[in-house]
Amino acid sequence: YHPETRWKNWWVRGILTLAMISFFFFIIYLGPMVLMLIVLCVQIKCFQEIIHIGYSVYHSYHLPWFRTLSWYFLLCVNYFFYGETVTDYFSNLVQREEPLRILSKYHRLISFAMYLTGFCMFVLSLVKKHYRLQFYMFGWTHVTLLIVVTQSHLIIHNLFEGMIWFIVPISCVICNDIMAYMFGFFFGRTPLIKLSPKKTWEGFIGGFFSTVVFGILLSYVMAGYSFFVCPVEFNSDRNSFEVDCEPSDLFQLQDYALPAALESLTGWPTLRLYPFQIHSISLSAFASLMGPFGGFFASGFKRAFKIKDFANTIPGHGGIMDRFDCQYLMATFVNVYIASFIRGPNPAKVVQQLLALRLDQQLHIFNSLKTHLTERGLLEEEA
């Protein structure tokens, strides 16, 4: 790099990074539903970028039906995932609206029929001289759907658990990206991995420590607001989506006893923290240690097809996929983390499922529950 070019690139990247962060905060202000729409738009753009590379690399513009089929499969997979999400999280709304109830009941059958139609169209579009190329592209489309669409829906699931589960992981990845770039830019000497020659050990280590501190501080600020910590729920009385609840224990300040070594060093016997801040260390550590491997994977992918960026949507940053290569890996981790360590049975969801049963089934469950609670001594036996 020529020093002037290096600094010019630094300014372009810096200004556009600030612009993107400002846009991110603006979207958060608009609320969870707008965030879901943005996730959908980003997902479609990432899909378009990867599919476009497939077309360019295999020079497959002349393939019959292929472009149409790729987008059709995207529609099918999104229909399936969004349908599952609506049925899962908004059963109140689904039970009330007759068309939604029918769609929900036969959702998987409809989704499968849609996919099967695309599959048959693909088989019918096979041309003798292009067999291998067509199967290449069929595989390419499906792997893209797996990487982009499946994981973007995990982002939406994280969002429903509370906006903090969406904002903190994404912010940690952004922070790690910025801090690794800064440490690498000013102190970088030792190359980290051959796939990405500009990445350095100094950037990697500096990014890690900065991200852990950033994650703890951001979690502390956000855990105090119910807007960020409450799950997104549908209020059937007001006909609107709401983010309002009594925050769980995860977001209540607690005193933690410090180990003797730290106590003698700081002079504090206890430390007052939100339990979520302890979880945020796991999220930050993953964002800075494993998140970059999403970037290395993308670098290897670009090397394989001799391209610099997925697209040139954002000057100095490449395409949307270049910015989201680490986010998809992070979203999967957060989803697995919530399922493994955080989420317990949801009483509201159980009640909704009970109300969807026939009256005789509801009565049977009521009597079973009553017997169980009486045996446990929580209810008095009737005389």
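Axes are lines fitted to C-alpha atoms, for helices over the stretch in contact, and the angles between their N-to-C directions run from 0 to 180 degrees.

**View 1. Crossing of helices α3 and α6 in the predicted model.** Helix α3, spanning residues 66–89, and helix α6, spanning residues 107–125, have axes that come within 10 Å and cross at roughly 170 degrees. Since angles over 145 degrees count as roughly antiparallel, α3 and α6 are therefore roughly antiparallel to each other.

**View 2. Residues in the contact of α3 with α6.** On the α3 side the contact is formed by F66, L69, Y72, F73, L75, C76, Y79, F80, G83 and E84, which meet H107, R108, I110, S111, M114, Y115, T117, G118, F119, M121, F122 and S125 of α6. By class, the residues of this contact comprise 14 nonpolar, six polar and two charged.

**View 3. The hairpin of strands β1 and β2.**

**View 4. Two spans annotated as transmembrane regions in UniProt.** The unreviewed UniProt entry carries the annotation "transmembrane region" for several spans, including residues 134–156 and 204–228. In the model, residues 134–156 are 100% helix and 0% strand, with end C-alpha atoms lying 32 Å apart, whereas residues 204–228 are 88% helix and 0% strand, with end C-alpha atoms lying 30 Å apart.

How values were computed. Residues numbered from 1 in each chain as written. Predicted model: local features only at pLDDT ≥ 70, side-chain atom pairs only at ≥ 80, totals over all residues. Heavy atoms only, no water. Helix = DSSP H or I, 4+ residues; strand = E, 2+ residues; numbered from the N terminus. Parallel < 35°, antiparallel > 145°, perpendicular 65-115°, else oblique. Contact = heavy atoms within 4.5 Å. Nonpolar A, V, L, I, M, F, W, Y, C, P; charged D, E, K, R; others polar. Pairing = 2+ DSSP bridges. UniProt positions renumbered as here; feature names shortened; annotations may be inferred.
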